[in-house]
Structure formats: structure tokens, C-alpha cells
Amino acid sequence: MLDRKFILQNAQLVAENSAKRGVSVDVDAICRLEAERMDALKQAEELNRQANEVSKQIKSAKDNDERQELIAKGRSLREQKDAAGAAQDRLEAEILELQTILPNMTHPDVPEGGEHDANEIGRGKTPVPEMDFQPLDHLQLGEKHDLFDFEGGARVAGSGFYFLRNAAVRLDLALQQFAISHLAGKGFTPVSTPDLALTSVLQGTGFNPRGPETQIYSIENTELNLVATAEIPLGGMLSGQILASEELPLRFCGLSHCFRTEAGAAGRASKGLYRVHQFTKVEMFAFTLPDQSTAMHEEMRELECEIFDALEVPYRVIDTATGDLGGPAYRKYDLEAWMPGRGESGDWGEVTSTSNCTDYQARRLNVRSKSNTQKGTDFVHTLNGTAIATGRAMIAILENHQRADGTINVPQILRPWVGCDVLECE
RNA sequence: GGAGCGGUGGCUGAGUGGUCGAAAGCGCCGGUUUGCUAAAUCGGUGAACCGGGAAACUGGUUCCGCAGGUUCGAAUCCUGUCCGCUCCGCCA
């Protein structure tokens with residue numbers, strides 16, 4: 001959520017920014033309603049002040065007549081105050097509804113446009129493999145090695161769910177172990193998170209659990225929802241807290257399951273593990289002071305690169321364009337791994353993304369910082385970044401590390417956890 | 001799931017319907033003193049919003065889990081709700 005004063009003082013900028021990001025909001029209406037709300041608020045406060053004054057006089061009333069007169073006066077003032085207050089509440093709700101639709105402001109370097117306008121800003125250390133044989137996709141490899149059971153998953157939970165089997169389970173765990181170990185060594189506190197979160201926490205992090213386009217599974221008759229990423233519980237973890245500035249930045253790596261309905265995704269290129277309703281992810285999350293977030297964003301991007309370099313997976317780094325940022329992000333980098341089995345002859349597929357959400361989430365979640373030397377509080381900045389989404393990472397590993405004979409090389413770094421160097425054929 | 005108890009400031013914890021933004025302690029900040037540190041002692045110390053001021057600061061409104069209700073007036077009384085703790089039951 002953007003700051004209301006900022007919106008009022010920069011209405012033109014905010015409107016332009018929203019348009020650029022493909023969100024249409026009537027910013028003028030916000031300004032108009034806010035002016036009305038202020039009037040109502042001031043009126044209510046003034047009436048309340050008068051009522052308080054009258055209340056104080058009652059104790060020292062000379063006689064019963066004067067007392068009764070004051071009581072009547074006080075009652076009338078409170079009634080008027082309540083009316084003004086109700087008007088204020090109505091306007092506030094109306095404004096808030098519009099205000100929450102507004103996306104975050106945008107880093108000046110972010111390219112304008114949609115998916116194809118993103119800037120490629122780097123490549124990983126591992127070159128795209130040159131294969132002198134027809135590479136298999138991860139589903140074919142999975143069949144060869146008995147790694148996935150999509151039919152069984154569908155029988156249990158419907159299309160889009162799956163069982164991992166055999167080495168896939170070990171790979172899945174190995175990826176989690178590796179990511180957690182790597183990040184724990186870089187000052188990130190490992191946490192495993194609740195897989196369910198309250199609706200208010202989802203909204204605070206910028207997810208909307210309602211409406212036909214929602215990506216979120218909700219539990220009927222409760223305020224609980226299955227999380228779509230650990231970003232949600234991690235952001236909510238410190239909601240309402242005032243953090244000591246000296247202790248920032250706080251770095252966490254959260255392990256969670258992720259659940260997504262993928263509403264509206266039908267027909268989008270997706271097969272196998274690429275777009276599923278449930279997967280496991282290790283997520284980086286940070287709370288920083290405002291002037292620390294840019295550096296933290298670069299740090300997270302760098303860590304994502306380290307992780308995929310260590311996995312010996314070729315990738316490119318993308319500076320996501322305005323239309324593709326999502327609401328909370330000020331800037332977003334994606335890592336797209338090369339997937340030899342994707343499309344006709346291999347293609348890039350998103351495996352991680354890291355966003356600097358500045359104070360957009362913190363404002364709604366009400367996470368602030370304070371130092372002894374400073375008066376008042378500031379909203380912190382929040383950042384998130386995928387360390388590893390195990391499903392997509394697994395696609396990239398299997399497809400890039402396959403060999404002509406169908407065996408699959410296990411990346412060096414994962415071997416201690418997988419327990420072997422090569423996945424042999426059945 | 002059943003029963004009971006409780007949610008108050010950064011923390012612990014008092015609080016008779018008006019004098020309570022709230023005792024006390026701790027913590028924190030500043031001063032004094034002791035050669036330094038520690039100790040002692042004195043003072044200060046919450047947040048949001050609206051307004052005045054260049055600023056230090058200052059006037060007002062709100063906030064005692066949350067939402068309602070009673071009342072001229074609620075931390076205090078009533079209702080609902082959420083959360084926590086203890087006991088019982090069940091259970092990985």
C-alpha cells in the first residue's frame with residue numbers, strides 16, 4: 001500500500017505509474033474522497049472535544065438543574081460526533097479500497113512494457129549445454145527413472161498434484177538442505193513457516209485471497225488460507241512490531257510449501273512440474289532500513305546466482321519490466337534457467353525471482369523501525385527472493401545434466417544429500 | 001473438543017466508572033558523583049492522526065487484544081470475538 005500523503009502530493013505521478021504497470025485506478029477520486037474524509041474527521045474531533053469539556057463540567061455542577069442541562073448537552077454533542085464519525089468511517093473504507101489497488105512505485109531503471117521488454121542483465125557461469133543427442137524433457141526422464149507420479153497425484157487431489165518418487169524425493173530434500181545451509185552461512189536465520197495464514201496477512205503482503213482470479217486456496221468458514229509462498233508468513237511474522245533500527249537488517253530463509261490455484265493459467269505453456277498446485281520452496285526474506293534495501297536486493301540476486309551456479313545450471317538474469325512486476329514490487333529480478341526440454345528446442349523458464357517491495361508491504365503489515373537517537377518510527381523495507389523452488393530447480397537439473405545414455409549427473413554440491421553421483425537408469 | 005483463568009506502555013505488573021496515557025519496577029536516554037568501569041543518585045523516557053512554529057517545541061483527537069453496547073463520561077460495567085495460559089480428553 002502506498003502512503004496516502006504521498007498519493008495526495010503526487011497524484012499525477014501515481015496515476016502515471018499505475019498506468020505504466022497496467023493498473024487502472026481513479027487517483028483523483030482518492031484525492032477528492034480524502035478531502036471529504038478530513039473534513040468529517042475534523043468535525044468529529046471538534047465535537048468530541050466539546051463533549052469532553054461538557055463531561056468535565058458535570059462533576060462540579062451547582063445543582064441538579066444545571067446538571068441535567070449539561071447531561072443533555074453532552075448527549076447531543078456525542079450524537080453529532082457519532083454521525084460525523086460514521087461519515088468518516090464510510091469514506092475511509094472507500095478510500096482504502098482504492099488505495100490498496102494502487103501498485104508500488106517503480107524503480108527508474110525498470111524497463112517499460114510487458115514480458116518481452118525485460119532487460120537481460122547477466123548470465124550464469126554454467127554455459128548452455130551443447131548436446132549431440134536429442135535431449136529428453138523432465139517428464140520423459142522422470143519416466144525413465146521412476147521419479148514422478150502425476151496420475152496418482154490426480155487421483156488423490158486432482159490434476160496439478162503429484163507424487164515425487166525415489167531419487168526425486170532425495171533431490172527435493174537435497175535442494176532444501178543445500179539452500180538452507182548456504183543461506184544459514186550467509187547470515188540468514190532458517191525458519192520453517194506455517195503453511196496457512198490469515199487473510200489479513202495475505203492482504204498485508206499484497207495478495208488478494210478473493211475474487212475469480214485469485215491464486216489462493218482458502219479454507220472455508222475460516223480466515224485461513226494456504227500460503228502461496230513463504231513470503232506471506234515471513235512478512236506477517238513481525239506484523240505490528242516496532243524493530244530496533246540497530247538490529248536491522250533482519251535476514252530469514254523460510255521453508256514452506258506453496259499452494260497455488262493457477263486460476264486462469266489453463267493453456268499457458270506448462271507441463272509436468274513447471275506449473276503445479278503445490279511445491280516446496282526455500283525463500284529469502286529481509287526487513288531492512290529504507291536506505292539498506294537497494295543493497296539487500298543486490299545481495300539476494302547475488303545469492304540466487306551463487307545457488308544456481310553451484311547447481312551447475314545455466315541461467316540468465318532478467319530485470320523485469322513494469323507490466324510484469326506485480327503490485328508490491330518496486331523492482332524485481334528473475335533468474336530464468338535454461339530448460340533443454342522446454343518448447344521445441346529448449347527455452348528459458350523462470351526459476352527464481354527477487355523483489356524489493358520497499359515500504360509497500362510494511363505499511364499494510366505495520367512493521368516499523370525505531371532507534372534511540374531518532375524521534376518517531378519509520379516503516380521498514382521488505383524484500384523477498386526465491387532461494388530454491390524445488391520443482392522448477394529439479395526440472396533444470398534433470399534436463400541440463402542428462403547424458404546421451406539417459407543417465408543423469410547429480411550436481412557436485414548435492415551429492416552428499418542425494419547419496420550418489422549419477423542417477424542410473426532403471 | 002470440555003472446564004477455568006487471563007490479555008494494560010520496550011518488558012514485568014498495579015489499577016474504586018470521572019482527578020488515568022495510566023502506579024511501581026526493569027530496560028533505555030541524559031545529568032551528577034566516584035581516577036575508568038561498576039555502583040549510587042537525580043531527571044527524562046510510547047504510538048498514530050490533525051493543526052501552529054524555521055526549529056526546539058506546542059494545542060487538539062485517538063489508542064489499555066479486537067469489535068460492538070450501556071453512560072454526559074469506560075482500562076474499569078455488559079455482549080460478541082480472537083489470542084494466550086493451566087487442567088482434562090484426544091492425538092503425530
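Begin by selecting helix α3 (residues 27-59) and helix α4 (residues 64-101) of this predicted model. Their axes come within 8 Å and cross at roughly 160°; axes are lines fitted to C-alpha atoms, for helices over the stretch in contact, and angles run from 0 to 180 degrees between N-to-C directions. That angle makes α3 roughly antiparallel to α4, a term for angles over 145 degrees, while those under 35 count as roughly parallel, 65 to 115 as roughly perpendicular and the rest as oblique. The crossing of α3 past α4 is left-handed, meaning that the near helix is turned anticlockwise from the far one by less than a right angle. Colour the contact of α3 with α4 by residue class: 18 residues are nonpolar, 11 polar and nine charged. Here Ala, Val, Leu, Ile, Met, Phe, Trp, Tyr, Cys and Pro count as nonpolar, Asp, Glu, Lys and Arg as charged, and the others, Gly among them, as polar.

Residues are numbered from 1 along each chain as its sequence is written, and chains are lettered from A and ligands numbered from 1 in the order in which they are written. Local features need pLDDT of at least 70, side-chain atom pairs count only at pLDDT 80 or more, and totals for chains, interfaces and linings use all residues, while side-chain values use heavy atoms, with hydrogens and water left out.

Next, display the whole of chain A. Its C-alpha atoms fill a box of roughly 105 × 45 × 45 Å along the principal axes. Chain A has 13 helices and 17 strands; these are DSSP runs numbered from the N terminus, helices being H or I of at least four residues and strands E of at least two. Of the 426 residues in chain A, 48% are buried, that is, under 20% relative accessible area, with exposed over 50% and partly exposed in between (1.4 Å probe, protein chains only).

Now select helix α12 (residues 390-400). Because 11 of its 11 residues are buried, α12 is largely enclosed by the rest of the structure. Among the buried residues are Arg-392 and Glu-399.

Proceed to the largest cavity by selecting His-107, Thr-294, His-297, Glu-298, Tyr-330, Arg-331, Tyr-333 and Asn-356, which line it. Two elements, α10 (293-310) and β11 (331-339), each give two or more residues to this lining, and α10 gives the most, with three. By class, the lining holds two nonpolar, four polar and two charged residues. A cavity is a set of points on a 1 Å grid over the protein atoms alone where a 1.4 Å probe fits but cannot get out, and lining residues have an atom within 4 Å of a point.

Most residues other than glycine have a negative phi, and most peptide bonds are trans. Select Leu-248 and Pro-249, which are joined by a cis peptide bond with omega about 0°; Pro-249 lies in the loop between β7 (242-244) and β8 (250-259). Asp-146, in the loop between α5 (138-145) and β2 (148-149), has a positive phi near 55° and is partly exposed, at 25% relative accessible area. Asn-166 also has a positive phi near 55°; this residue is in the loop between β3 (163-164) and α7 (167-184) and is partly exposed at 44%.

Finally, select Asp-3, in the segment before α1 (4-9). Asp-3 is partly exposed, with a relative accessible area of 31%.

Conventions
1 Å grid on protein atoms, 1.4 Å probe; cavity = no way out; pocket = protein on both sides within 12 Å on 5 of 7 lines; lining within 4 Å.
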